[in-house]
Amino acid sequence: MIVITGLGAVTALGSNVEETWDRVLRGDRAFSAVTLFPADDYRVRLVAEVPDIRKDGPDDFSRTSELGLRAAREALSASGLDAARPKRIGLVVGGSTAGMLETESTLSVILSPEGTVDPEVRDEALRRMLSHPLSAPTDRLARELGPFVRVRSLSSACSSGANAMVVGATWLELGLVDAVLCGASDALCRVTLAGFNALGALDPEGARPFDRRRRGLTLGEGAGFVVLERAADARARGKDAVCTLLGWAAQAEAHHITNPEPTGDAPSRAMRAALARAGLTAADIDYVNAHGTGTPLNDPMESRALQRVLGDEVARVPVSSQKGQFGHTLAAAGAIEATITATAISRGIVPPTGGLEDADPECALHHVRRAESRPIRAAMSSSFGFGGMDTVLVFGRADAADRAAPRRSRSVVVTGAAVLTPAGIFDGHDVAKVPERDCEGDAIGYDLTAELDIDRARRLDRTSRLAAIACGRALGPDSKDAGVVLGNAFGAVDGTSAFMRRLREKGPRLASPADFPGLVPSSPAGHVSIYLGLAGPTLAVADLATSGECAVTQGYELVAAGETDRVAVVAVEEKSTIVDQVFRVVFGPDKRDTSRGERPLRREGAGAIALAAEEVAIARGLPIFARVEQVLSWWNDETTIAEVTPPPGGAKTGAVVIIGVAGDANDALLRRAGWGDCRRITCAERAGSHEAAGAIAIAVAAGTLASDASIEAVLCVGIARGSGYAIRLGRYRARAS
Amino acid sequence: MQRSDLKSEIKQLLVAELNLTGRDPSSIEDDAPLFGTGGLGLDSLDALQIAMLVEEKFGIRVPEGDEARPIFRSVSSLSDFIGAARDAKAGGAPTG
């Protein structure tokens, strides 16, 4: 049983949970014209802005990290865990565009026409781009609030905050941590205000969820964090819990990149799965904290989903949304609303839907216009993100009985692999040949459209196309229940640059509505889910040069913990002119002489593997490439590497190390693991040195085990800044039952 | 500009800007429905993109919401709307 022992929130309504909660109950709306940047030419300027946030700090400072730091510190302090820190504590941070507000200023220098900016100023701006990878806010939180034993940055657009709690809960269930600080943070910026304006999704009079006159959402900003731990651990240290986290479910709609599936069928499946996970039925639910954005499409869809799930109980169960008060805080929404739902349960007060006056008959629910005191046994909170990423959390009272079916960690196998490099597309056992196959140039020159149904793939940007091809090949047919995990260090750099250039040159009225959804870092994962029709949990993770290893680790955890039976894990490096410029400035020009056969190091490419629970792979007769024997992940403590099982039969026989990018740090690490003398294959010379390299290496590892009977085990390692990963795959043999 | 030229310009714009790769602009029927099945199969996100493109390329603002529906029915209806707005502009009448 998992309990929440600390809450933290920063919103436009208040600088902590208490202030936000008091003003939520009063029905206050915190909407005013944006002041963070000049916005005279934006159609709708009304936002929910957090006051009094400082503007600068360390190199990687961002408004997003500052908001996150405040809320995370409050949650950690409330939990009482921050003092002596005797436990293994994890950190999970959800986000969307991370330091975009700051990156926009940097981009405006980089995008200035040649000759209008001093070259040194321009180079400095290019260097600054590296200060804001998607994982930067997480790194800052880890640095200032740590140490943590395990750290994760994730994004699933507007369900990121809820998914941070799903990941935190699975860490507790898998025994990887003793407590976990999880939540999300998101700050207002030009890109999102222009993008939601372009989508016509903003209500000029401020969001009015479920109201007949509603015209859209109002963008907000903020952060929410909670501390999760096992009930027994909290009890043992004499800490009273705020409430329990009883159930959760993350699923995908596989419908459309911006529009919800109108019948509400997909969200209702997620709600039912979360209730089943909690061992509850609709009769046990006394409050629903809705996604309730106030857009014309969301609210009736969500009402239909709730009507289906609650059945006859729908007239009894109060439903409310606070997005008409502190706005839609995007990535942070699910986390902030979790703190609201937890507070509602612990105080026995149902918060209202601020801004709702005339309820839409299309949204026939038990609406709450004024705060009501009433006991809440259990409550459900929903979050739906771009790309159709639905996550539902179920919370109960601190003294709730544990009715969930017990779970065990499941054995995980690799059922497929695929790699794309400039040399071609490799799948099945052929993936093992990637390190042998030479290629010309650094970009993929063959026609990707030949691999895709181009009518259905027309909205997919290049990264999404590479990811969809790799995932489709790795998964094979009949994979509709699979989830998708994308590893992505920087997000859509060129896409964002193009969007910003248009914004600068043509103004926000001419911002492209079709291009905007592609700027959300989880967008390629959503596109893969939609294109391949996959309904499992769908999200992106980021961890600089080890984003590929991080994605494999995340995918493994989801399958091992039973969140999904199958998952496609993919990392992609697309040819990017901006990233090329950044690397030229930071690392100097690529000195290798291509005329003498030396190859450029940064290459376009993608690597994917399909993972499945062993029992599922056997029952479905899926090809089994390898067993996932060990997945280790650490933060600033490399001693974890000593936990790797030594190579079978000594170093010289049957054991191989396959790594994406070679480096001195790897050597030391491998010696510590007892794998220092094993044969080593490095993929970078052929597949490129980049953020996807780890995923390519792990795909090659699976292909090697499947195709070479002399190899018993493969170890893949990757390290970047503070974090490291060691993933050990072994020859598959059915276990005697 | 002739309405027939305008129609072919619109068709080329749709194919290029909505990534309808592999479709020959001249194969799009003037009166075929742009949205839903039985036509180009476009959706509401495409409608927003078209509205933005019409404003960018022709300097004409497309009304929002229900008013826009008949305008987006087909290439013909789009061409009629753009043509009429241009004529009104040429005649000095406000185009909104």
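This is a predicted model: local features need pLDDT of at least 70, side-chain atom pairs count only at pLDDT 80 or more; totals for chains, interfaces and linings use all residues.

User: What makes strand 2 of chain A and strand 3 of chain A a pair?

Analyst: Pairing needs at least two bridges between the strands. Strand 2 and strand 3 (residues 46-48) of chain A are joined by two bridges, so they pair, and they run antiparallel.

User: Why are strand 2 and strand 7 of chain A called edges?

Analyst: The open sheet in chain A has three strands in the order 2-3-7, with mixed pairing. Strand 2 (32-33) and strand 7 (219-220) each have a single partner strand, so one side of each has no neighbour in the sheet.

User: What makes helix 20 of chain A "mostly covered"?

Analyst: Buried means under 20% relative accessible area, and 13 of the 15 residues in helix 20 of chain A are buried. As for its length, helix 20 (residues 693-707) reaches 21 Å from first C-alpha to last, close to the 21 Å expected at 1.5 Å a residue.

User: How do you know which residues put helix 2 of chain B in contact with helix 3 of chain B?

Analyst: Contact means heavy atoms within 4.5 Å. The contact is made by Ile50(B), Val54(B) and Phe58(B) of helix 2 with Leu78(B), Ile82(B), Arg86(B) and Lys89(B) of helix 3. By class that's five nonpolar, no polar and two charged residues. The two helices of chain B pack at about 35 degrees with axes 12 Å apart, in a right-handed crossing.

Notes. Residues are numbered from 1 along each chain as its sequence is written. Chains are lettered from A and ligands numbered from 1 in the order in which they are written. Side-chain values use heavy atoms; hydrogens and water are left out. Helices (H or I, at least four residues) and strands (E, at least two) are DSSP runs, numbered from the N terminus. The expected span of a helix is 1.5 Å times one less than its number of residues. Buried means under 20% relative accessible area, exposed over 50%, partly exposed in between (1.4 Å probe, protein chains only). Axes are lines fitted to C-alpha atoms, for helices over the stretch in contact, and angles run from 0 to 180 degrees between N-to-C directions. A crossing is left-handed if the near helix is turned anticlockwise from the far one by less than a right angle, and right-handed if clockwise. Ala, Val, Leu, Ile, Met, Phe, Trp, Tyr, Cys and Pro count as nonpolar, Asp, Glu, Lys and Arg as charged, and the others, Gly among them, as polar.
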